[in-house]
Amino acid sequence: LNYNTVYIKRPMSKRQATATIECDNGDPAPPTKSMKKNHDYDELQSRHKKMELLVSWINHLGGAELSLLQIAPSKGGGYGVFATVDISPGELIGRIPNKAIMTVDHSTNHSRVGKAAMSITAATKNTTNATQQPTPEFILWLDMCHGRIDNTHSHHAYLASLPDQSPTPLSWSDEQTKLLEGTNLGKAVELAVSELREQYEEWMP
């Protein structure tokens, strides 16, 4: 398959389709007067510009189909993806080419970060200061950090459009993480953080 395609299973109105692809279940929200009076409006404008660049980048890659969708501010906060028309059963919602998606394989073998990491590993092989090869996941994370600030990166438009704060438990505060104690998720987060810290200390002392 050359593209990632999403289909719906039942008839949907414009509002129902919005509920499926955007958690707010509302229509795009225009800036309010109160929002324009403070820094939130500037932040919204900046975010809107990033979203425009994201859509432009996806379309520039070729093969994308986003004509039924609109990325816009959500009443629930942040941005959402909204349907612009009623969508029928089995109708294509959207199509995004595979090359728009960041993968571990691409970051490890084709990115500047991945190539640099592999070069360091190869250069120190069979020496007393041999460097352990970083995990592919760590290379992906570093590549994402690099691509977010480097506007020449192949996926800069996507990475720059992401929220400043990651919503995953790996970025939660200690107080928030304590809420997961005694759960399988808590153990998984603890292990992931430990592995990330080990990789960070090895590669970025």
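Mentor: Helices (H or I, at least four residues) and strands (E, at least two) are DSSP runs, numbered from the N terminus. This is a predicted model: local features need pLDDT of at least 70, side-chain atom pairs count only at pLDDT 80 or more, and totals for chains, interfaces and linings use all residues. Residues are numbered from 1 along each chain as its sequence is written, and side-chain values use heavy atoms, without hydrogens and water.

Trainee: What pattern does the chain follow along the sequence?

Mentor: Start with the tally: 9 helices and 4 strands. Read along the sequence, they give β-α-α-α-β-β-β-α-α-α-α-α-α.

Trainee: What percentage of the residues of the chain count as buried?

Mentor: Buried means under 20% relative accessible area, exposed over 50%, partly exposed in between (1.4 Å probe, protein chains only). The chain has 205 residues, and the buried share is 28%.

Trainee: Which side chain makes a polar contact with the side chain of Asp-143?

Mentor: Asp-143 lies in helix 6 (residues 136–149). Asp-143 is buried but has no salt bridge, and Arg-112, the nearest side chain of opposite charge, is 8.3 Å away. A salt bridge needs a Lys or Arg side-chain nitrogen within 4 Å of an Asp or Glu carboxyl oxygen; Lys and Arg count as positive, Asp and Glu as negative, with His and the chain ends not counted. A polar contact (N or O atoms within 3.5 Å; within protein, one able to donate a hydrogen and the other to accept it; residues adjacent in sequence only if both atoms are side-chain atoms) does form, at 2.8 Å, with His-153.

Trainee: Why does His-155 count as buried?

Mentor: His-155 is found in the loop between helix 6 and helix 7 (156–161). Beyond four places in sequence, its contacts (heavy atoms within 4.5 Å) are Trp-57, Lys-99, Ala-100, Ile-101, Met-102 and His-106. His-155 counts as buried because its relative accessibility is 3%.

Trainee: Which residue's backbone oxygen does the side chain of His-155 reach?

Mentor: The distance is 3.2 Å. The backbone oxygen belongs to Lys-99.
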